[in-house]
Amino acid sequence: MRNATYETGAFFVRDRSWHPKAYTPDYKTSVTRSPQKALLSLENTVSEITGPVFGHDILGEKDNDLIYNFARPGESAIGERIIVHGKVLDERGRGVPGVLVEFWQANAAGRYRHKNEGYMAPLDPNFGGCGRTITDDDGGYAFRTVKPGPYPWPNGVNDWRPAHIHFSIFGYGFAQRLITQMYFEGDPLIPLCPIVRTIADEAAIEQLVAPLDMASTVPMDARAYKFDIVLRGRRSTMFENRMEGN
Amino acid sequence: MVQPLNRLKESPSQTAGPYVHIGCVPNFLGIEGVFDSDLGKTMVNDETRGQRIAITGRVIDGTGTPLKDALLEIWQADSNGLYNSPSETRGGADPNFAGWGRQPTDLKSGVFRFDTIKPGRVPFTDGRMQAPHVNFWIVARGINLGLNTRMYFADEAEANAEDPVLARIEHRVRVQTLLAEPTDDGYRFDIHLQGDNETIFFDI
């Protein structure tokens, strides 16, 4: 897949005050699903440094095109056509090539294709809502979709999720595994959302808001949003206190 | 002033939400025809070396209720203690064993099941051998940042006794939360998110 040697250094420690805490009671479900005891700190062993890597053979031709990958022949999903693109980087600013990125979302009306979903907005018969891709040599990725609609949820009496796309990202180590959500520039629901506000730091929230990218917009076709994702960086192994052969 | 470090911040996590299946296991959900099969569903084939085991269990919240919308991933060594990863430097792992699996909890019962093999031992950072273990990552609605834990095997008492990770658990009464109990076809591993019997989760 690529010529570079895979790195084996330990990952930078996660900044758990930048990430959301486990117990965030305004997001009600977190109340009974958050550990109350302290996490046990564990320096990276080979179990954490390694992780699965996926080849292009898992990908189908339309895996990164949600407008067409569930649509009947000759038809396409209804909604605002957009391209979402960006890079997967690590904390050192290096692109992370050859890693799997998965994404899922509601349709343009805010309706998810899921059997537990009860929102009255209709399903789009030509929209499934899932996609995936593998980053290129520079860590870049792109997919085409329709912009998801906001979505009401049973938290507060009148809580609505901002328009969002869920992302699941693999790095090279199991300790880099990350799931997050992308929001859209200018959405007035963002500051109202209890899930967004599980994140305490305003700058961390901004890291999840994708700007409109007119330079990458395809005229008369699809607008673009740019969303870079940062995974944990890792130390050089030059001076690691490991036994020979490990 | 000093030079800037020029480091980026990791993208902050958000919950996987109740509909994580759409993106990660769409065929399980009945969204067929987009991906050939769900990634991580099958971990072994006829050629895989090692002792076949099933790992079953539930993820239980602070009220004792099993989660029916959780997604679990496991990562483990092969039967010789090698990881099937490009970052594995100690040798080539069994090519018939991916080492990675992904399963949802059942939408009705909350039970998860992995069909895998029993892993070999891998070294700690100082070269001491760790006891056989399976690394778990758990996401779900209400979990803001994926939870990491490890499953050890209750019938590996000797190896567990010398495991460098288990050894650092101050409250010895909690060690058992990481031990899976033998069953007829493998091991049972319930994960308690909160409360008296809370599973040990790791900051890795």
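Arg16(A) and Asp203(B) form a salt bridge whose closest N and O atoms are 2.9 Å apart; the term means a side-chain nitrogen of Lys or Arg within 4 Å of a carboxyl oxygen of Asp or Glu. The model is predicted: local features need pLDDT of at least 70, side-chain atom pairs count only at pLDDT 80 or more, and totals for chains, interfaces and linings use all residues. Residues are numbered from 1 along each chain as its sequence is written, chains are lettered from A and ligands numbered from 1 in the order in which they are written, and side-chain values use heavy atoms, leaving out hydrogens and water.

**Where the chains meet**

- Chain A brings 93 residues to the contact and chain B brings 81, with contact meaning heavy atoms within 4.5 Å.
- About 7,700 Å² is buried between chain B and chain A, and 58% of that lies on carbon and sulfur atoms; buried area is the accessible area (1.4 Å probe) that two parts lose on being put together, summed over both.
- On the chain B side, the residues losing the most area to chain A are Glu10(B), Gln14(B) and Tyr19(B), which together make up 11% of what that side buries.

**Bonds and pairing across the interface**

- Between chain B and chain A there are 8 salt bridges.
- Strand 1 (residues 40-41) of chain A pairs with strand 10 of chain B in the parallel sense, over 2 bridges; strands are DSSP runs (E, at least two residues), numbered from the N terminus, and two of them pair if DSSP finds at least two bridges between them.
- In this pairing, Asp203(B) in strand 10 of chain B has Ser41(A) opposite, and Asp203(B) is also the salt-bridge partner of Arg16(A).

**A sheet in chain A**

- Strands of a sheet pair through backbone hydrogen bonds, either parallel or antiparallel.
- In chain A, 5 strands make an open sheet with mixed pairing, in the order 4-3-8-9-10.
- Strand 4 (130-134) and strand 10 (209-210) of chain A are the edge strands, each pairing on one side only.
- Within chain A, strand 3 (residues 100-104) runs antiparallel to strand 8 (residues 164-169), over 4 bridges.
- Phe103(A) has Phe167(A), in strand 8 of chain A, opposite.
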